[in-house]
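User: I'd like to learn how to read a structure like this one. Could you walk me through it, feature by feature?

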Amino acid sequence: MTDTIENIKEQIASNDILLYMKGNPNQPMCGFSARTVQSVMSCGQRFAYVDILQNPDIRAELPKYANWPTFPQLWVKGELIGGCDIVNEMFEKGELQTLLAEAAPAAE
Ligand SMILES: N[C@@H](CCC(=O)N[C@@H](CS)C(=O)NCC(=O)O)C(=O)O
Ligand code: FES
């Protein structure tokens with residue numbers, strides 16, 4: 001359990017844009033994850049993802065660590081932004097684009 005939390009902390013610390021989702025960006029396994037990854041991809045920044053269906057330990061522990069009960073979860077610069085509803089609302093307002101552009105590492 002502690003290893004899982006350490007692993008989660010490491011993932012969050014080392015990825016400025018990180019999406020915990022069901023399935024992967026090319027093949028989401030749930031409508032909530034599908035809609036969220038669509039918005040994130042539309043912002044055009046590189047992002048990391050973790051498929052929680054392949055990582056049941058993370059699926060079990062992250063909701064407690066994050067104090068957020070469901071997936072997907074979008075984390076930006078070490079902070080939980082939210083799930084499907086929040087991310088899509090931000091996208092529609094144009095806020096997600098700005099947030100991710102500011103978080104993305106400068107192009108190399
Ligand atoms: N309203 C939520 C919808 C997400 C949701 O309800 N996710 C459920 C079904 S995919 C979930 O993660 N359940 C816990 C689990 O499957 O581990 C959001 O905005 O993200
Ligand atoms: S897997 Fe059933 S609602 Fe997401």
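Analyst: Happy to. The buried residues of H5 (95–103) pack against E1, H2, E5 and H4. Contact here means heavy atoms within 4.5 Å, and buried means under 20% relative accessible area, with exposed over 50% and partly exposed in between (1.4 Å probe, protein chains only). Helices (H or I, at least four residues) and strands (E, at least two) are DSSP runs, numbered from the N terminus.

User: Before we go on, what kind of model is this, and how are things numbered?

Analyst: This is a predicted model: local features need pLDDT of at least 70, side-chain atom pairs count only at pLDDT 80 or more, and totals for chains, interfaces and linings use all residues. Residues are numbered from 1 along each chain as its sequence is written, chains are lettered from A and ligands numbered from 1 in the order in which they are written, and side-chain values use heavy atoms, leaving out hydrogens and water.

User: Back to H5, then. Which residues of H5 are buried?

Analyst: Leu 96, Leu 100 and Ala 103. To see how they are arranged, look down the axis of H5: the buried residues fall within an arc of 60 degrees, so they line one face of the helix. The arc is that of the directions from the helix axis to the C-beta atoms.

User: And which residues are buried in H4?

Analyst: In H4 (residues 84–93) they are Cys 84, Val 87, Asn 88 and Met 90. Their arc is 160 degrees down the axis of H4, so these buried residues line one face of the helix too. They pack against helix H2 (31–42), E5, strand E6 (79–82) and H5. On the other side of H4, you'll find Asp 85, Glu 92 and Lys 93 exposed. Just after H4, Gly 94 has a positive phi of about 85 degrees.

User: How do I read a nonpolar core?

Analyst: The general idea is that in soluble globular proteins, nonpolar side chains tend to be buried together. A nonpolar core is a set of buried Ala, Val, Leu, Ile, Met, Phe, Trp, Tyr and Cys residues joined through side-chain atoms within 4.5 Å. Here the largest one has 15 residues, and Ile 17, Leu 74, Val 76, Leu 96 and Leu 100 have the most contacts inside it. Strand E1 (17–21), H2, E5, H4 and H5 each give two or more residues to this core. Another core, of eleven residues, lies apart from it, with Leu 62, Ala 66, Phe 71 and Trp 75 among them.

User: What does Val 76 touch?

Analyst: Leaving out residues up to four places away in sequence, Val 76 touches Asp 16, Ile 81, Leu 99, Leu 100 and Ala 103.

User: Which strands pair with E1?

Analyst: Two strands pair if DSSP finds at least two bridges between them. E1 and E5 run antiparallel and are joined by four bridges, with Leu 19 partnered by Leu 74 in E5. E1 also pairs with strand E4 (residues 48–51), in the parallel sense, over four bridges; there, Leu 19 stands opposite Tyr 49. Both faces of E1 are covered: Ile 17, Leu 19 and Met 21 are buried on one side, Leu 18 and Tyr 20 on the other.

User: How do I judge an aromatic pair?

Analyst: A pair of aromatic rings is described by the distance of the centres and the angle of the planes. Rings of Phe, Tyr and Trp (its six-membered ring) pair if their centres lie within 6.5 Å; planes under 30 degrees apart count as stacked, over 60 as edge-to-face and the rest as tilted. By this rule there is one aromatic pair. The rings of Tyr 65 and Trp 75 have centres 6.4 Å apart and planes at 25 degrees, so the pair is stacked. Tyr 65 sits in helix H3 (residues 56–66) and Trp 75 in strand E5 (residues 73–76), ten residues apart. Tyr 65 is partly exposed at 35% relative accessible area, whereas Trp 75 is buried at 7%.

User: Where is Ser 33, and is it buried or exposed?

Analyst: Ser 33 is in helix H2 and is buried, with a relative accessible area of 1%. Neighbours within four places aside, Ser 33 is in contact with Met 21, Lys 22, Pro 28 and Pro 72.
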